[in-house]
Amino acid sequence: MDDKQDIKNMNVSSELSKAAKFMEATKPFTKLMMQYRCAMLEVKTKLDVLDAELSLESERNPFESISCRIKSPMSIFEKLSRKNFPLTAESIEKNIFDVAGVRVICSFPSDIYRIAEKLALQDDIRVVERKDYIKNPKPNGYRSLHLIIEVPIFLSDEKKHMMVEVQFRTIAMDFWASLEHKVRYKKQLACGAEKIADELKECADEIGAIDIRMEHIRDRIEELNNKLEEI
């Protein structure tokens, strides 16, 4: 039974790979991916501007780093197939909201909410979806703030609104998520997986507590500096 299922999965994966390669070579798909890249860069520019402005106000950069990515064709088509959507460029734009992604790594949780709020308030940005996994972590301990936003891009002959996913994490949250992602897909961890999941959840809780503690330390330091300046 397992062998038959494995063969079925291999066949599905092979067909998806063929579909992905075919679509990747078509003009509608390449044009759409170009538009997603433009939207992604538009959001990154907005965040860079916010970082420059807010760093002047507080004399420190509110985020540590920013990275961008476009989903691979195979990943896009696997998601469409899993949700039973058509394998077309039009279907991608209509149904997949995280094709373009921007990840912002902040120093402290308060910086996350500050930057996310400033970004959402810009008059050409529309927040389509907001998921706060910091205040409400996932069962496995994952913490992050996710925004799906709609941003306009200006092409040679049209103005078009595109979806971009923005993830906000602290350094500690990103460290945990990166390691959890690496061990999650290790087949050899199937035995004893429940105990490992419990340990990962404990680590996530400890990291969350460290984030809060570090923020309190920062606040005390800033309070002391303000008192010194008043003397």
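**View 1. A five-stranded open sheet.** The 5 strands line up in the order S1-S2-S5-S4-S3, with mixed pairing, to form an open sheet. At its edges sit strand S1 (63–70) and strand S3 (126–132), each pairing on one side only. Neighbouring strands are turned by 25° against each other on average, with direction ignored. Helices (H or I, at least four residues) and strands (E, at least two) are DSSP runs numbered from the N terminus, and two strands pair if DSSP finds at least two bridges between them. The model is predicted, so to speak only of what it holds: local features need pLDDT of at least 70, side-chain atom pairs count only at pLDDT 80 or more, and totals for chains, interfaces and linings use all residues. Residues are numbered from 1 along each chain as its sequence is written, and side-chain values use heavy atoms, with hydrogens and water left out.

**View 2. S1 against S2, with H5 lying across.** S1 and strand S2 (residues 100–106) pair in the antiparallel sense over 7 bridges. Isoleucine 70 stands opposite alanine 100 in S2. Helix H5 (residues 109–120) lies across S1, S2, S3, strand S4 (145–154) and strand S5 (159–170), and runs at about 170° to S5. Axes here are lines fitted to C-alpha atoms, for helices over the stretch in contact, and angles run from 0 to 180 degrees between N-to-C directions; contact means heavy atoms within 4.5 Å.

View 3. The structure holds 2 aromatic pairs. In one of them, the rings of tyrosine 133 and tyrosine 142 have centres 5.9 Å apart and planes at 65°, so this pair is edge-to-face. (Rings of Phe, Tyr and Trp, the last by its six-membered ring, pair if their centres lie within 6.5 Å; planes under 30 degrees apart count as stacked, over 60 as edge-to-face and the rest as tilted.) Both tyrosine 133 and tyrosine 142 are buried, where buried means under 20% relative accessible area, exposed over 50%, and partly exposed in between (1.4 Å probe, protein chains only). Lysine 138 lies over the face of tyrosine 142, at 5.0 Å from the ring centre.

**View 4. An arginine over a phenylalanine.** Arginine 218 lies over the face of phenylalanine 108, at 4.6 Å from the ring centre. A charge sits over a ring if NZ of Lys or CZ of Arg is within 6 Å of the ring centre and within 35 degrees of the ring normal.

**View 5. Two loop residues.** Lysine 71 lies in the loop between S1 and helix H3 (73–82), and counts as buried at 17% relative accessibility. Leaving aside residues up to four places away in sequence, lysine 71 touches Ile76, Lys79, Asp98 and Val99. Asparagine 84 is found in the loop between H3 and helix H4 (89–95), and at 70% relative accessibility counts as exposed. Asparagine 84 has a positive phi of about 60° although it is not a glycine.

**View 6. Alanine 39 in H2.** Alanine 39 is found in helix H2 (residues 27–58) and is buried, with a relative accessible area of 0%. Its contacts, not counting residues up to four places away in sequence, are Val151, Ile153, Met162 and Val164. The C-alpha atoms of alanine 39 and methionine 162 are separated by 6.2 Å, though the two residues are 123 apart along the chain.
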